[in-house]
Structure formats: C-alpha cells, structure tokens
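Subject: Structure for your files

Dear colleague,

Here is the structure I promised to send.

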Amino acid sequence: MAARRATRGVLRGVLSSFLSRERASPLNYTCCNSAKSTFLDGFSRARGVAGLAQAVQEREPWRQALEKVRNIGISAHIDSGKTTLTERVLFYTGRIHEIHEVRGKDGVGAKMDSMDLEREKGITIQSAATYCTWGDYQVNIIDTPGHVDFTIEVERALRVLDGAVLVLCSVGGVQSQSITVDRQMRRYDVPRVAFINKLDRSGADPWKVIDQLRKKLKLHCAAVQYPVGLETELQGLVDLIQMKAFISKGAHGEIVVEEEIPPALLEAATEKRRELIEVVSEVDEELAEKFLSDEAISVDELEAAIRRATISLQFVPVFMGSAFKNKGVQLLLDGVTDYLPCPLEVTNYALDQTKNEEKVNLSGSPNAPLVALAFKLEEGRFGQLTYLRLYDGTIRRGDFIVNSTTGRKVKVPRLVRMHADDMEDIQQASAGEIVAVFGVECASGDTFTDGSVKYTMTSMNVPEPVMSLAIAPSSKDVGQQFSKALNRFQKEDPTFRVSLDPDSGETIISGMGELHLDIYVERIKREYKVDAVVGKPQVNFRETITQKAEFDYLHRKQSGGQGQYGRVVGYVEPIEEGEVTGKKFEFKNMMIGQAIPSNFIPSIEKGFVEAANSGSLIGHPVENLRVVLTDGASHQVDSSDLAFKLAALYAFRECYHKASPVILEPIMFVELKAPIEFQGPVMGDINRRKGIIVGSEQDGDDAVITAHVPLNNMFGYSTGLRSMTQGKGEFTMEYYQHAAVPQDVQARLVKEYQNKRGS
C-alpha cells in the first residue's frame, strides 16, 4: 500500500539526508551525537518508523497504535459530492457492502444521510460520524453539511479533527461555501488535502480549480495526480509521485490496476510532476536543496517532503477523481493515511482553571488524566447522545467523569462508537478516538475529566443567528410536545435560539437562514407530531450608537421605610471598528476614590447590560457599545444593589438618544451563477434590492456575480432568480456583516415598532 511505502520513504529519505549532512559537516563527535539524539527524538514522534523508534515504542506502545489513527472531516460547498465520496470510502474499506446514492432514489439513500429529510431533499443537515479501516490504519470520518445554514456542524467537526478533505466540484470550482470552509479550517489550524470531484461531468477542468485554489483561497497547492481522460472518457489517474497510471475497473471500481503511463500523457505528466516538486520545494528546505542542485528526487523523498509540508500547513496536495463513477477514491484514502497527521502530530492544549487558565499541552497518552470535549449532542432513542473527542487518558464504561464546566460528577452508563445512526457498544476508548456516551447531561462545548485535573478546552466559534420566525402550536393540547421539541433543538444546535417577544408574547425562533428554520419546523411536525403555525420571517436587526454621550442620573425613591438611592455619572461611546476588543459590550469603571462602594459596581454593570439588551429604537440588542463610569454618589442607608441597577438602566435610556443611535441590518455575501445572456437583468435586480455588486467574472458560458445584499431584501429571491433566468440561475448566500440601514428605512422601522407597541 502507498501508506507503507510512504513510511519506508520517510525513513530512507530523511535518514539519508541527515547522514549526508553529517558526513559533510566538520562537527566534532559530541556535536554529532547531540544532533543524532535530537534527530532520533524528533523522528520517533513521526509515524510508525519501525527500527529507528523501536526503543521509544517498546517504552510507550500506545504511540504505535495512535500513529495508525486518522481523524478526518469531509467538507465542501453544497452539491460537491461529499456524502457520495463518504459512501464510496465506506464501501471500499468494507464498512458497507452496497452502494446507495444520495436522495434515496432506490428507497435506501446514502448511509451517512440517516435522517428522512436528508434523503428527501438530497442534502446533509447534520454531521454524521463513522469509522473504517484502510490497510492497518483506523480512519474516523465526520461527513459535514455543505449548506451555509448548517455551518455550525462544520465548525464543531473541524474543532475536534486532526485533518480534513476539502472537496471541490471540477465544474463549479471554488464556490462561496468552499471559502467559508477554508476559513474554518484555518481558524482551527487543520491540515488538509483537496479532492477535485466530478471529473466525469461535462466541462470538468481540474486545472482551472487548482488555479482558483491558489487565487481565491490563497492556498499553496499542486496536483499529485493527472487524469487519464476527462468527462465521459475518464478511466483513471496518473500518480505524479510514482509516475504510474492507476486504472479503475470492476462493477464498482473496486479493482485498481497499476499500469505504465499512456505515451500520449507522459510529457504532460512529467511537466506536472516537475511543477509539484517546484511548489513543494518552496516550503520544504530538504527538497529545495535537491531541486536547486538538479539532483534526482526519489519517490520516498518526495512523499516525505509532501507530508512535512502538509502537516505544517504550508502545502495542500490536490487529488482528483469521480466518487459517483468510482474513480480515484482508493488513491485519496492512500493520500489521507500518507499525508494527514495522526493525533500525536497535532498540538492540542487545554486551559488549567486552577492556574488562571494557563495553557497546558496535551500529550495524547492513554495513561494521562482524562480530558475529553463534548462537541455535539443528539436526542437518541435511549436519551441524550453526547459525542466526545478524547484528547488525553482513557474512558471506560461505568467510569465516573467530571464536567469541568459545571463541576458535576456523572457515570458513563453506555459507551458507543458511531456509524452514522448505527451504534457499536464498546467497553473503553483512549486518547485520539471519537466516541459517544449515553445518559450524560451536558451542553455542547463542555469538557470532561476524571476529576484529577481541572482543565477546559477552548470553545468553538458560534455565529450569531440572522433570521427569526414567530411560531406557535396549532392547538394548546400539544403545547408540552412543542416545548419539548424547542428545548431539544436549542440544546443540540447552538445557532438555533428560542426567545419570547415581550410585547406580543409570541415564541420566536432564530437561526442561520430560511432553510435552517424550515427544517426545524418540519422536524417538529415529523418527530413530535406537532403542526406549527409560522409567521413571516423577520430579520435579526441590531442597534448601535455613533457618537459619545454623557449621563448623570440620580435614582431616588422614598416611600416610607428604607428608600432607594443611587447616582451614576459617566459616558457611553461606540467601540470603533479598528479596536480589537472581541466584545460587543464593554463596561469600564474609571472612578477615582470610593464615591460608590465597590460592592455595587457589578449591579451597575448588570443594569447597563440589561438596558443594552433592548434598544429604544426598535427594541433590538445594542452592540459595539462601551459604557464608562467616572463618578457617582451613594447613601449610607438607602443605597442598594437594586437602586444602582435601576440607576444604570434609566441612565442608559436617558443618554441613548443623545448618542445618535442607528439600526444595523444583516448583510449577506451573495454569489450568483447564471448564463451570460441574463447578466444584465440579474445585476439590475441586485441593484433594485439595494445590493452592492463587488465582483463579476465569466466562467465558460456563465456569469458569476458576487454582491453584498441586505438579508431583508432577499426573501423569495430564489423564485425571482428562476423566473429571470428561465430556471438556469442559481445562488448561495452567507452572513457577511451587520451594517447601518438607510435613514428612510430606519424611520419606517422605528414607526412600525412604535405602532406595534401602541396597539
């Protein structure tokens, strides 16, 4: 297998390089021994290096097992073929014995799309975990959704994975969600390989996609394969590292035959191999030395260099094929085991709560104290199912584990390994594995330990919801089931929020877009048998201030007995865009002296926070706000926490209008693709929707237009686009930022809010 070949290659390539340098260097004997020691110590932490790291492995046998583990995610833009690719991976690794397609046309559907809604709509809604073996490697896989509305599923998967496969369509290339996924991979420093899928489609052009990877995603990448034919002529792939052709044969492409490169492709493949070596040499010193001196570069040396550069996030090897036509998947699996890191090669750290959140590197040892992160929750048939990534230690069925966030000690009644919606009971699991536990109540992002340490893992990035709906059960009889559904979905999905409108008393659900909320409304109906009445979608506006305003408010109340007294003095100001605070609200106590006793300061902050939750323009939260307290006064008897909280609340309302508040609306990044003859009407429609066109380029016979458009003006856009383009146009959108609305829109929104409150 290529994986074993790469292991031998690492050993021979790096060792020969080291020895040649040692012979050429005038180091004394002691220095040489020191260099050897450093080299051996570093090398023993690489993948299974039999012989060289034998002493270390005998001392720590768990390392050898962990070096054969890969935790990977498969992520991409919607309809790039992620789930189809995962289905083929499971088939070729023997995990499933039949191939079923997305959309469930055969009445079964892809294994990883276990929800009925997923099979009907042909999209992935929830990330699904599975595992398989390839050679002597164990590969844990998470298949993630491609639609932007379910981006939290990608976020939390990448948070716990060691490597990823970025799937791209050979026709669509780098699309909007590809950019989002790449940004998420960078956020968590996830090494990746790219896979250009759908080479069998008409118009397939892998070299165009690689060019887009370099220009749009700024990735340092190069192809490690060359296609043998394209579109309907696709037969297999040339491995540019070994310079051999691999042709897929058999009913399901399960037979891969190694052949010599067809003479017609030899020159092009040789040129692409040279390009690959040149690109890798730019980020790998060892390979650069040989390349610059025009020395012959062996297969082993090239494989070792690609692995080093990939793990260090400096290079992305690009594979290609067609998952649907069963070509290139086995070679991609070889690439995953050869080039993506094992858990030991990724630096993970926790925060020690006993030492002021000091960073602690996690070794990945099964003998260390347990550290595990709960990254995903599901309501299963037997209670709450909690997905855990184990970073240190070992977890066993029946063990007691401690939730570092809440301090609660809980027992692990059942431990399972997931295969989509199927479960395999296991007795124990060690560091580096992804498992699930039943009956452990917790929240997404909680850290579990064995109680001997108080560590927490860093949390994942959770985007704010951009759209809301009013929702109510159709009859009061099902109110309990309705509440149960909302509580469950809110717990499972951090981007799904439930709130109560203080004026109308309506239940409001908020999420990442129309599809996101539609799916939950449908799930309430199917899973809980509750018909829901849904209102018109509403945009999640925000408010902010644009200038500094001072406040000086005295809250005094005397009605017999102890009164209330509290005076607060200071100012509010906007947090400017350039300031790196990472906060949307900031409270600063700049008082000199003890005009207000320090025990009342938290109540003052609480009052301002409460006031900022509902701005007086349209009742939406106020953000990018700094409150500075400079002075005040207190009374020895009448001052209390409540008095100062109310003083802060009224002080904010009094000075808010003096700070020139504005309403912010969510702006979406919209990418449209339509035949070039419809470009004029489409751009005209974007302008009518008060959008700003930021880019336009031609892709074959299609125009690709990118624009920033207010979400409030995008409702029903899919119908409008279809009618404008005779059904040939398509678009995707994702949240970009909140920006101030025009004055006329602000005046209208304020008037509507006042009328609503008055009625």
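Angles under 35 degrees count as roughly parallel, over 145 as roughly antiparallel, 65 to 115 as roughly perpendicular and the rest as oblique. This is a predicted model, in which local features need pLDDT of at least 70 and side-chain atom pairs count only at pLDDT 80 or more, while totals for chains, interfaces and linings use all residues. Residues are numbered from 1 along each chain as its sequence is written, and side-chain values use heavy atoms, without hydrogens and water.

Axes are lines fitted to C-alpha atoms, for helices over the stretch in contact, with angles from 0 to 180 degrees between N-to-C directions.

Helix packing. Helix H5 (residues 82–92) packs against helix H13 (residues 329–339) at about 85°, and their axes are 10 Å apart. H5 and H13 are therefore roughly perpendicular. On the H5 side, Leu85, Arg88, Val89 and Tyr92 meet Val329, Gln330, Leu332 and Leu333 of H13 (contact means heavy atoms within 4.5 Å). The residues of this contact comprise six nonpolar, one polar and one charged; Ala, Val, Leu, Ile, Met, Phe, Trp, Tyr, Cys and Pro count as nonpolar, Asp, Glu, Lys and Arg as charged, and the others, including Gly, as polar.

Strands. Two strands pair if DSSP finds at least two bridges between them. Seven bridges join E2 to E3 (residues 137–143) in antiparallel fashion, and Thr133 has Gln138 as its bridge partner. Two residues separate E2 and E3 in their hairpin, where Gly135 has a positive phi of about 65°.

E8 (residues 236–239) runs antiparallel to E9 (residues 244–249), with four bridges. In their hairpin, with four residues between the strands, Met243 has a positive phi near 55°. E9 also pairs with E10 (residues 255–259), antiparallel, over five bridges. The E9–E10 hairpin has five residues between its strands, and Gly250 in the turn has a positive phi of about 100°.

Elsewhere, an open sheet of three strands has the order E13-E12-E24 with antiparallel pairing; its edge strands are E13 (358–362) and E24 (455–456).

Cysteines. Zero disulfides were found in the whole structure (a disulfide is a pair of cysteine sulfur atoms within 2.5 Å). Cys221 is buried at 1% relative accessibility, and Cys655 is buried at 0%.

Regards

Methods. Buried means under 20% relative accessible area, exposed over 50%, partly exposed in between (1.4 Å probe, protein chains only).
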